[in-house]
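Hello,

Here is the structure we talked about.

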Amino acid sequence: MRTRPRSLAALVALVGVTAFLSPAQAASNNTAAPSPPPPAPERIRVERLPLPPTAPSNAAGTCTSAVNPRGTGCMAADWNSGLRTGGFLPDSRTVTAAVRFAGAPAAPDPASMYSGDQLILVRTDGKTFPNGDAWKCLTCGTPPANKQGMNADTSYPQPFSDGRRVLYGTNIVDCGPYGLASPACTPDRLHIYPIRWNNTADGSGPGGNIRELRLHPDQMHLGFNSVSVTGGRFDQYGYFGRLRFDPAPATGTPLAPRYEVEKVTRLLDASPAAQSVHVDPRTPSKLVFDPSRPGVGEFRGFSKDGSEAFYVGFPVESSNIDLMAVGLRTGKVRRMTADPGYTDPVDASPDDRWIVALDTRGTDRMSFLAGMTGLPAVTDLLSTSVVSSVRNNGQRRFFQPYLIDRYGDRGSYRGQRLNYANISPDWNAGADPRWSPDGTAVSYQERLVSAPSCGGANPLPCPVSTEPGGRRTRLMIARLVDREPVHRRPVAPVSDRVPWGTPYVPGSAIPLRPYPAQGTYTLRGKAFGSAEVGIVWDDAKTAVKTVSVRYQRYSDDGRNVFQGSESVTRTSTSPTLTSLDWYSDLVKTDRGGKVLATKKSSADGFHITIDLWQTIFQATGTLTTTVGPRTYTQPANGT
């Protein structure tokens with residue numbers, strides 16, 4: 001069952017769960033410092049930002065003077081048009097964006113340079129650049145000599161605070177002494193340098209795979225993720241490292257001016273006792289669940305003061321994928337969101353008092369999995385990657401941008417949806433949202449659900465786009481109209497060392513994330529009761545195959561009591577195409593026995609198959625969660 005809040009009041013009065021604030025508070029606030037009252041809703045004005053005209057098609061020559069009289073290019077119309085929101089320049093009036101140009105004439109026509117993936121600037125104040133356009137293509141026409149070895153990844157543009165450079169995927173765009181928005185920043189003066197992470201002992205080769213790069217506020221470090229498949233197991237780790245420009249590298253490829261990521265730390269302690277779920281080293285029959293342990297699954301960014309890394313990691317509550325923050329120096333973990341919806345794209349305000357997160361909350365898409373709050377994340381040893389993949393359905397997103405204060409979800413407070421005044425279930429947000437440096441605006445992009453995730457055999461009809469040229473993407477800005485500009489202080493360089501992480505040695509093997517050995521364990525409730533946990537590894541002893549749990553009046557907070565059983569078995573062999581057999585028969589009551597929630601699979605079980613990259617939902621059987629009077633069921637296949 002899905003609900004769509006239609007009013008501002010509805011958006012700030014969604015169903016509540018308890019926030020995680022310190023090691024022992026996943027289900028209890030008894031030792032927490034009091035959180036302030038939730039903030040009142042504020043006025044927000046959402047506007048579309050100007051983009052290049054839409055190409056009638058991707059065929060060469062279709063971007064004619066009739067479509068763009070200035071001859072400054074057209075962008076692709078489709079859902080996969082390459083549009084990515086970027087960060088603001090220091091002036092807070094100009095935002096960067098990655099776009100895909102299409103329909104350009106063939107060379108030697110001067111307009112042929114407006115083709116393919118490019119980096120543009122967009123004015124947000126209604127003004128134009130000297131040529132009369134509200135946008136400026138920075139990278140169009142960059143000479144080949146100025147972009148030797150450029151990497152293909154051009155996602156998530158993030159300007160440096162000097163206004164002259166941009167982190168551009170796995171590259172850095174640099175206009176030397178010229179401001180990017182200045183007329184003096186021309187293609188012949190601009191350089192694009194690749195970023196390389198050395199992963200060999202002798203410095204040879206192209207370097208390791210890096211993705212989802214985020215610039216640290218000190219402008220000298222960055223965080224990134226790297227995917228590995230070891231022993232048939234798919235995994236991803238977050239990393240932290242220092243940028244160094246090398247104008248003439250002697251080893252590795254490309255042998256061209258480039259940035260190296262050095263002094264790298266893996267944001268993980270790979271010892272078994274450092275994991276959220278681990279065997280008690282003093283009592284081998286006892287299992288411990290401790291979500292205060294830092295373990296970055298996917299790195300997502302930094303606080304604006306540079307002290308914390310944001311990430312998605314092992315859940316605090318079963319099947320509830322939330323944002324977490326961890327102190328780079330201290331290793332102290334802070335839960336940023338707690339709604340049963342899925343979230344990961346995030347950006348902090350310049351003063352770190354707020355975040356904007358893209359979240360599925362308000363759609364109830366994840367509630368059939370995560371609606372029973374407070375359940376310890378034990379079967380998540382197997383189910384986390386599948387649960388996270390339910391957030392999308394191919395070319396349909398369920399994210400919307402939410403403004404949330406630093407203290408997070410608490411009571412009935414679930415933040416405020418930025419676009420509360422123009423809710424559309426068909427337009428959904430894409431990563432990443434970005435705050436203006438003065439804290440008065442947030443930019444983000446939206447995509448319109450598109451085939452094959454609608455139309456044809458899909459029960460969802462495809463909506464017609466009303467954007468210029470039928471474009472299925474758009475760039476948005478949310479103006480926080482009652483806020484005064486803030487001044488963001490420069491961040492001093494931080495240490496290369498992350499004490500709780502693991503220094504990376506080039507050429508060393510990627511570790512396997514440790515899991516408890518096969519066996520039967522007892523997990524004690526923090527208040528009372530227990531759970532019997534069975535863990536079975538596959539025949540090759542390379543990965544966990546089954547996790548089963550039987551709860552016996554289990555309670556962490558003395559108020560919510562769990563009874564019943566749950567079992568998850570992995571049946572696929574592909575690292576990214578995952579199939580699970582899921583059986584659930586759980587009841588959550590209060591201490592007096594009143595039923596608060598249930599989570600039940602059909603008699604023949606719930607069987608889900610999903611690709612971690614394609615995210616197309618396919619399942620047989622049912623999994624249903626009931627919370628009070630509300631019942632949440634899984635989405636239909638393909639939706």
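**Disulfides in the model**

Cysteine 454 is buried, as its relative accessible area is 1%. Bear in mind that this is a predicted model. The partner of cysteine 454 is cysteine 462, and the two sulfur atoms sit 1.9 Å apart in a disulfide. Cysteine 462 is partly exposed, at 34% relative accessible area. The S-S torsion of cysteine 454 and cysteine 462 is about 90°, so this disulfide is right-handed.

How many disulfides are there by this rule? The count is four. With bonded cysteines counted along the chain, the pattern reads 1-2, 3-4, 5-6, 7-8.

Next, cysteine 63 and cysteine 74. Their sulfur atoms are 2.0 Å apart, and they form a disulfide. The pair links distant parts of the chain, eleven residues apart. Both cysteine 63 and cysteine 74 lie in the loop between β1 (44–48) and β2 (84–88). Cysteine 63 is buried, and cysteine 74 is buried too. The torsion about the S-S bond of cysteine 63 and cysteine 74 is about 75°, so the disulfide is right-handed.

Then cysteine 175 and cysteine 185. This disulfide has its sulfur atoms 2.1 Å apart. Cysteine 175 and cysteine 185 are ten residues apart, in the loop between β8 (171–174) and β9 (191–197). The torsion about their S-S bond is about 120°, so this disulfide is right-handed.

Is cysteine 185 buried or exposed? Cysteine 185 counts as buried, at 6% relative accessibility. Cysteine 175 is buried as well, with a relative accessible area of 1%.

Best regards

Technical notes
Residues are numbered from 1 along each chain as its sequence is written. This is a predicted model: local features need pLDDT of at least 70, side-chain atom pairs count only at pLDDT 80 or more; totals for chains, interfaces and linings use all residues. Side-chain values use heavy atoms; hydrogens and water are left out. A disulfide is a pair of cysteine sulfur atoms within 2.5 Å. Helices (H or I, at least four residues) and strands (E, at least two) are DSSP runs, numbered from the N terminus. Buried means under 20% relative accessible area, exposed over 50%, partly exposed in between (1.4 Å probe, protein chains only).
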